[in-house]
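Here is a short tour of a two-chain model, written to be read with the structure open beside you.

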Amino acid sequence: MHEWTGRLAADVVTPDEELEREFDARLVESSRLAFRVAYSVLRQREDAEDVAQDAFARAHRRFRQLRDPDRFCGWLVKMVWRMALDRRRSAHRRATREAAHQGLRASTAERGGEERSQLLWEAIDALPEKLRSVIVLASIEGHDVAAVARLLGIPEGTVKSRLFLARQQLKERLQCLNTDTKTR
Amino acid sequence: MPEHGHENSMSDELLDRELAALLSVEPSPAFVARVRVHVASQERTPVSWLNARGLALAVVLVVAVGAAVAIRTGQSRYVDSSQARAGEQPAFVIPQQTPRVTALPAQPSAHPAPEVLISPSESRVVERLLTAARGTVVAPDAHSFEATDATLLPPMPIDIAPIRLEPLAAVAEIESGVVQ
């Protein structure tokens with residue numbers, strides 16, 4: 001009798017529990033995406049994790065409206081992007097203040113072994129935000145045009161044109177940066 | 001032109017590979033667990049707040065129900081049970097209320113002067129009257145003693161002479177029709 005009631009209790013799932021399970025599934029499948037989007041803006045692992053975590057906490061509070069997987073991922077990407085930009089701006093302001101206070105500048109030695117990566121990041125940072133979000137999302141986990149369009153909620157044609165423009169500008173920028181570093 | 005296009009597409013692929021490599025960063029293995037803990041800790045706070053609110057609401061509800069029951073019981077005390085018709089089941093049974101014992105105020109040891117509610121002159125008259133009455137009336141103790149003794153004595157025969165009434169002269173004359 002006790003076994004039967006125990007099994008019955010285990011089988012009964014309240015709507016809240018079902019919601020929690022769904023959220024957990026979304027968390028597992030989109031945690032990497034959220035982290036990488038944050039990382040593409042912040043370039044700091046810890047900061048990126050913090051931002052992604054905060055975004056998931058917000059998503060959890062609004063999960064009843066975000067149960068649709070596509071809607072959830074799109075909302076999450078936009079939220080992470082915005083929060084990461086905010087964090088970077090405040091971090092940048094803080095770094096500028098500290099640098100001005102100490103009279104220091106970022107050392108070029110940091111570039112050392114990761115020069116190419118630094119150049120790429122600089123080129124990405126120089127892109128307008130609309131182009132940047134498209135190229136970053138398309139580069140994460142091999143998202144195709146349709147997936148990027150779904151995530152950003154824009155037509156596929158717009159994604160294609162933005163991708164083309166982003167690539168063009170990146171290449172030009174990289175060429176300029178390469179020639180700059182060679183002449184230095 | 002086609003060569004130029006091919007060159008461009010190759011460089012696009014190279015760029016894409018470089019970008020993909022740049023963004024292929026993995027979160028720490030504990031990231032998902034950390035998010036779960038964070039979400040759970042955020043969730044707990046409003047729930048405990050809700051619990052506190054629910055508890056307060058329950059207390060208010062219990063007090064309200066208690067007050068309503070008390071008022072209802074107080075009203076039902078005044079319901080006369082004799083009004084219940086014979087053979088008809090009463091709607092509810094009123095429990096027998098034990099007489100309420102109210103605490104009496106502490107009595108002073110000395111007998112204070114009684115409060116006089118009449119004018120002093122009237123009071124004096126009443127006192128004089130009572131004094132006079134006490135002088136004539138047998139003391140209650142003695143009276144009760146006599147009564148007790150009387151109950152012990154056998155009944156005595158009472159000899160009462162018959163009352164004879166003389167007819168009035170005027171009446172006799174009226175009866176005889178002499179009066180004009």
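Glu49(A) is found in helix α3 of chain A; helices here are DSSP runs (H or I, at least four residues), and strands are E runs of at least two, numbered from the N terminus. Glu49(A) counts as buried because 22 other C-beta atoms lie within 10 Å. The cut-offs are 20 or more such atoms within 10 Å for buried and 12 or fewer for exposed, with partly exposed in between, and C-beta atoms are placed from the backbone.

Leaving out residues up to four places away in sequence, Glu49(A) touches Phe35(A) and, on the other chain, Pro27(B), Ser28(B) and Phe31(B). Touching, or contact, is defined by C-beta atoms, placed from the backbone, that lie within 7 Å.

This is a predicted model, in which local features need pLDDT of at least 70 and side-chain atom pairs count only at pLDDT 80 or more, while totals for chains, interfaces and linings use all residues. Residues are numbered from 1 along each chain as its sequence is written, and chains are lettered from A and ligands numbered from 1 in the order in which they are written.

## The helix around it

α3(A) has 17 residues and reaches 25 Å from its first C-alpha to its last, close to the expected 24 Å, a span taken as 1.5 Å times one less than the number of residues. Its buried residues include Val51(A), Ala52(A), Ala55(A) and Phe56(A).

## The nonpolar core

Ala55(A) is also, with Ala38(A) and Val80(A), among the residues with the most contacts inside the largest nonpolar core, which has 46 residues. Such a core is a set of buried Ala, Val, Leu, Ile, Met, Phe, Trp, Tyr and Cys residues joined through C-beta atoms within 7 Å. Helix α4 (residues 69-102) of chain A gives the largest share of this core, nine residues. The core lies between domain 1 (1-105) and domain 2 (108-184) of chain A, because both give residues to it; the domain bounds come from an automatic or database assignment.

## Where the chains meet

The contact takes 22 residues from chain A and 19 residues from chain B. On the chain A side, α2(A) provides the largest share, eight residues. Chain B itself has five helices and zero strands, and buried residues make up 3% of its 180 residues.

## Confidence

Chain A averages a pLDDT of 82, and 79% of the residues score at least 70; pLDDT is the predictor's confidence in each residue, from 0 to 100. Over residues 103-113 of chain A, pLDDT stays under 50.

Conventions:
Two residues are in contact if their C-beta atoms, placed from the backbone, lie within 7 Å.
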